[in-house]
Amino acid sequence: MSSTLTVRSAVPAVKAASSVDMTTSLGRFELPNPVLTASGCAGAGQELAQFFDVAALGAIVTKSIMMNARSGRATPRMAETPSGMLNSIGLQGPGLEVFLERDLPWLVERGARAVVSIAGGSVDEFTKLAMRLREVRGISMIEANISCPNVEDRGQVFACDPRSAAEVVQAVRRAVRSEVPVFAKLSPDVTDIVAIARSCVAAGADGLSMTNTLLGIVIDTDTMRPVLAGVTGGLSGPAIRPVALRCVWQVHAAMPEVPILGMGGIRTGLDALQFILAGASAVSIGTEIFHDPMSPVRILAELEDALAARGFAGVADAVGLAHGERPPAGEFPIDAAHHHGQLLTPDDNPV
Amino acid sequence: MPVQVNGEVLSLRRVGAYHAMTVVAPGVAEIAKPGQFVTVAVGGPDTSMMMRRPFSIYQIRERGVYGGTVEFIFSIEGRGTAWLAARQAHEPIDIVGPLGKAFSLPREPATCVLVGGGYGTAPLFPLADALRARGCRIDFVMGASKEERLFGALDAKRISATLSVTTEDGSVGHRGRVSDVLPDVLSSSKADVVYACGPMGMLRAVSRIADAAGIACQIAVEELMACGVGVCMTCVLPVVGDDGVTRMVRSCVDGPVFHGDRVRFDDIGTIPADALGAPQPIVVKPQPRSSLKPTGQQASAEVTR
């Protein structure tokens with residue numbers, strides 16, 4: 001029986017040379033592959049480096065950093081939900097200077113690409129963060145987290161209002177060096193995601209990260225009170241995947257030229273492929289990291305296999321493909337034999 | 001360094017109110033130390049339960065017939081642990097470990113009082129083995145709500161100079177809590193150090209008693225975790241650092257073992273106002289009476305920066 005046991009190697013097994021070109025880009029940021037971590041789910045890479053080589057990913061997206069050290073919200077901060085979780089961490093972090101001194105250099109030394117997520121309580125704080133980062137080398141991209149739901153004042157969720165979102169994006173874009181792309185991370189909790197996206201792009205965003213969590217509540221039926229000390233929290237995980245995917249779809253349909261970093265409940269290479277087909281140029285892995293710390297490298301390998309199986313020469317060829325005309329029945333580019341000659345049941349849909 | 005292993009269930013047995021699972025986990029057992037924990041994925045490959053379940057390591061066998069094994073104790077508390085309790089031998093299990101900081105051991109032979117609540121005694125057994133290998137005396141104190149929720153009383157009796165048992169219903173031992181008997185145990189054993197694991201209320205009481213007696217105390221906390229590896233910031237609690245500053249630290253990587261006198265038990269579940277990065281109250285400057293706004297329009301006393 002011991003033959004069935006395997007220690008998962010810290011370095012993923014070397015795959016046979018694949019024919020698929022996995023390189024992609026997010027604005028001017030060229031990535032060796034399209035799998036990144038999601039902000040808040042990978043720290044600044046050190047902890048996950050125990051499980052895989054962080055430089056093997058497209059990039060590490062760091063936990064949103066603020067100007068000053070921040071304690072976050074009270075506990076309990078987490079509740080498991082069906083195929084997901086609710087969190088109300090509240091942007092706990094060491095503050096920008098500690099991040100620049102301790103965390104960013106570590107990523108750079110490791111040869112990992114760093115996407116720095118920044119969060120501010122005001123346009124002024126965003127501006128200060130961006131001004132300070134202007135002087136810093138080793139940043140591949142900046143993700144402006146304008147959509148964290150775990151702030152006491154809902155008025156701080158800039159991504160819920162096109163004008164507030166644009167104000168932040170414009171301030172950050174002006175402050176950051178032009179060769180560093182600025183992406184705005186959007187909330188799915190809006191009436192018209194396309195309107196917010198357009199506003200961010202008009203204000204200078206080089207691309208969009210979609211999406212952040214959805215606001216939710218879980219109530220403990222024993223105490224008959226909300227589980228989270230912060231009452232509300234951000235819902236993440238596979239439960240939100242169709243919603244996030246819909247946001248990517250709508251924005252890509254409206255602005256096909258705008259690069260999208262897609263995220264929301266990705267667990268497998270096929271999940272990642274859905275986001276790419278909907279219009280994302282790259283994807284971030286979030287909650288699944290908590291479930292499977294090696295998932296980013298696993299998903300990357302699965303995605304590469306999935307693209308190869310479908311005959312793609314490069315991942316770039318798959319971006320937004322789902323918006324094209326449906327291929328006639330029987331002319332799927334891949335081995336989709338299980339869809340033929342039998343009724344399609346819900347189980348046949350990718351989960 | 002922790003590893004993620006496709007392990008295999010070697011055995012699963014009932015122990016009183018609890019379940020004990022032994023997993024063949026090569027790479028975990030060889031480096032595991034007392035006080036560390038493992039996390040396991042529950043529900044199978046397509047599970048709807050995204051959170052791994054953390055368990056203190058009970059027994060460590062570096063070399064078994066099938067390779068290194070780790071054993072952990074659990075109680076059925078929900079769907080995830082119910083799934084675990086329904087496993088069969090030879091089924092695969094995704095396990096990550098060893099995680100967290102271990103108990104520190106005294107350099108010289110010392111008298112050690114081990115205090116466990118419920119199956120919180122589990123990590124105290126490998127600790128006792130390590131302490132005894134260093135020539136330490138063990139005095140064991142264990143408590144639970146009732147007899148079947150005690151864990152390991154017979155083993156504890158075998159390895160300790162004295163064993164004190166408490167149950168809240170009086171079904172066995174002293175009727176009451178471990179904190180009722182601990183002061184006497186500390187003085188009669190002339191304890192040098194206290195180690196404790198169990199519910200937070202018990203850890204608070206034990207830390208207070210050890211502190212009052214001037215005895216060093218290490219505790220292993222049980223906090224709600226999401227990732228177990230230090231990236232999610234779910235399992236934080238207020239702990240005073242060497243510099244005197246309170247930080248919200250992660251029990252998964254900065255713990256689960258802490259010095260009892262450093263944990264701000266009364267502030268768990270809050271952000272103490274003096275913690276690093278705590279929301280600062282707005283300082284309202286005195287204003288001339290004439291410029292005071294109607295009270296309804298004044299800013300809330302506390303806002304997040």
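## A walk through chains A and B

Start in chain B of this predicted model by selecting β2(B) and strand β5 (residues 69–74), which run antiparallel and are joined by 6 bridges. At one point in this pairing, B:V24 stands opposite B:T69 of β5(B).

Keep β2(B), residues 18–24, highlighted and look at its surroundings. Of its 7 residues, 6 are buried, so the strand is mostly covered. In a regular strand the side chains alternate between the two faces of the sheet.

β1(B) pairs with β2(B) in the antiparallel sense, over 7 bridges. Zoom in on the end of this pairing, where B:V15 has B:Y18 in β2(B) as its bridge partner. The two strands make a hairpin with 2 residues between them. Click on B:G16 in that turn to find a positive phi of about 60°.

Next, select B:V206. Leaving aside residues up to four places away in sequence, B:V206 touches B:V115, B:V178, B:S179, B:L182, B:V194, B:A196, B:C217, B:I219 and B:G260. B:V206 is also one of the residues that touch the most other members of the largest nonpolar core, which has 208 residues. Others to colour alongside it are B:V38 and, in chain A, A:I142, A:V169, A:C200, A:L208 and A:V248.

A:C200 is your way into chain A: it is among the buried residues of helix α4 (residues 193–202). An α-helix has 3.6 residues a turn, so residues three or four places apart point the same way. What covers the buried residues of α4(A)? Show α3 (162–175), β10 (182–186), β11 (207–210) and α5 (241–254) of chain A, which are included in that cover.

Zoom out to chain A as a whole. Chain A has 8 helices and 17 strands, and 56% of its 351 residues count as buried. Among its contacts between residues at least 6 apart in sequence, 72% join residues at least 24 apart.

For the last stop, show both chains together. Here 46 residues of chain A are in contact with 43 residues of chain B. On the chain A side, the elements giving two or more residues are β1 (6–7), β6 (78–81), β7 (84–87) and α7 (287–291). The largest share, 4 residues, comes from α7(A). Colour this side by residue type and you will find 21 nonpolar, 17 polar and 8 charged residues.

Conventions
Residues are numbered from 1 along each chain as its sequence is written. Chains are lettered from A and ligands numbered from 1 in the order in which they are written. This is a predicted model: local features need pLDDT of at least 70, side-chain atom pairs count only at pLDDT 80 or more; totals for chains, interfaces and linings use all residues. Two residues are in contact if their C-beta atoms, placed from the backbone, lie within 7 Å. Ala, Val, Leu, Ile, Met, Phe, Trp, Tyr, Cys and Pro count as nonpolar, Asp, Glu, Lys and Arg as charged, and the others, Gly among them, as polar. A residue is buried if 20 or more other C-beta atoms lie within 10 Å of its own, exposed if 12 or fewer, and partly exposed in between; C-beta atoms are placed from the backbone. A nonpolar core is a set of buried Ala, Val, Leu, Ile, Met, Phe, Trp, Tyr and Cys residues joined through C-beta atoms within 7 Å. Two strands pair if DSSP finds at least two bridges between them.
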